[in-house]
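Look at the sequence and the model first, then read on.

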Amino acid sequence: MRRKFALISALSTLLTVFLLGIPLTFYAAYAHLAQADHDAVLQAQTLATLTRESAGSGTQQLTSWIESQQHNVRATVVMPSGTRYGPPVPCLQQPQPHPGDPEQWTCEGDKVASLAVAMPGGGEAQIDVSVDTAEASEETLRVIALLAAAAVVLPAVSVVLADRLARSVVRAAQELTDVAADLRQGRLDSRFRGTGPPELRQLGLTLNALAARIDALVTNERESMADLSHRLRTPITSLMLQAEALKDRKGSERLLSALHDLNAEVTRVIRHARKPIASQGGLTACLDTVVAERVAFWEVLAEEQGRVCELTVHDTGCQVYVPQPELEAAVDVLLENVFTHTPDPAGMRITVRANPGGGAELTIDDDGPGFSDHRVVERGRSTGGSSGLGLDIARRTATISGGRLVLNTSPTGGARVTASFGGPPVQRRPAEACRGPERRPGSR
């Protein structure tokens, strides 16, 4: 932005210099030539006065005046007797002027004025004055040089001033960008506190109000979710008491173990719900690592149901712009969807590969009946009697990261779900970005 300000300022100043300089150059040339014309006439009239006076006082004053003229002025007087004073003036081919009426013309670039003077003793004296215009041309060139210097200096000065003025705007815009980036990363306590133009300050205040509103809504929703999760403890406790009362000790122990796992999961949900967004870990995760961990978790159930579960990872270190808990939830939803909506023997094939433009892609093919309606990705829509939220959760997770969720048909005629996740804005080293995920309570 600062470069654009500087460029606009430089071009505007340069255009102004040219628009003013061109007519100023022509005016300077005209003014210098007009001054030469005026000087020639003035010198001729002065010399005419001295010539008339020389009839009574002698020609000494006349000759002294002619000799004292500047180098660019040549003056000559021809008396009625034919006597000449001063060097001859060129280009005297013009008609002789009438007495008292000066005649002007241009000769080889010089301005010439001729005047006939009636002498007291009779007859007329011829006066010719020539003014060299070379100095006028030099003055015009000096004006052009000054304008050229202004065309170089003024844009440079304007660039410096524009940069200093734009710095406050850029600083305010950069702070707004930083605040927006913080909000995107979950740091809802970030606020705009800078200065700048009134419009940017107003935008900053609006952004602060929006951040405060989002913070309040998120806090309220998380507290509500924690409260709802906490309500599950009562039926879980009741189930534990009933499990302890069972006469079959082995069955009671298995049921109690499962209930303890469920209770631990509820505790984790409550803690996760009340934890601030910014403290929930990084915004990226490795898709291949998460998928491998979740497939290992679901393989136990697949073996019990006689399902074939194949995992193929074409690329490792597939970093995606999704927080690890959300990525785990999305992968679990897609895997659980196969177990829920396909018959027990139906197998599945899971493939992970990196996208050429960044991010990664997860494909799950199953041997089930496939999708009867591809609109099942819409929130609340289900053809299998479920809540209709699972595929929508995976779809929103992929979309927010910059990817998408596509439903299709697998090579065996079953369902194919392809979830593409966008990559992070700035890639980090795989050793730092793709550490193994933490195991959740209840995972094997």
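## Overall picture

Of the contacts in the chain with a separation of 6 or more, 64% are between residues 24 or more positions apart; a contact means heavy atoms within 4.5 Å. The model is predicted: local features need pLDDT of at least 70 and side-chain atom pairs count only at pLDDT 80 or more, while totals for chains, interfaces and linings use all residues. Residues are numbered from 1 along each chain as its sequence is written, and side-chain values use heavy atoms, with hydrogens and water left out.

The chain has ten helices and twelve strands. These are DSSP runs, numbered from the N terminus: helices are H or I with at least four residues, strands E with at least two. Of its 444 residues, 37% are buried (under 20% relative accessible area; exposed is over 50%, partly exposed in between, with a 1.4 Å probe and protein chains only).

## Helix 8

Helix 8 covers residues 324-341, 18 residues in total. From first C-alpha to last, helix 8 reaches 26 Å, close to the 26 Å expected at 1.5 Å a residue; the expected span is 1.5 Å times one less than the number of residues. Its buried residues include Leu-327, Val-331, Leu-334 and Val-338.

## Cysteines

The structure holds zero disulfides, a disulfide being a pair of cysteine sulfur atoms within 2.5 Å. The sulfur of Cys-318 is too far from the closest cysteine sulfur, in Cys-286, for a bond, because the distance is 7.3 Å. Cys-318 is buried, at 2% relative accessible area.
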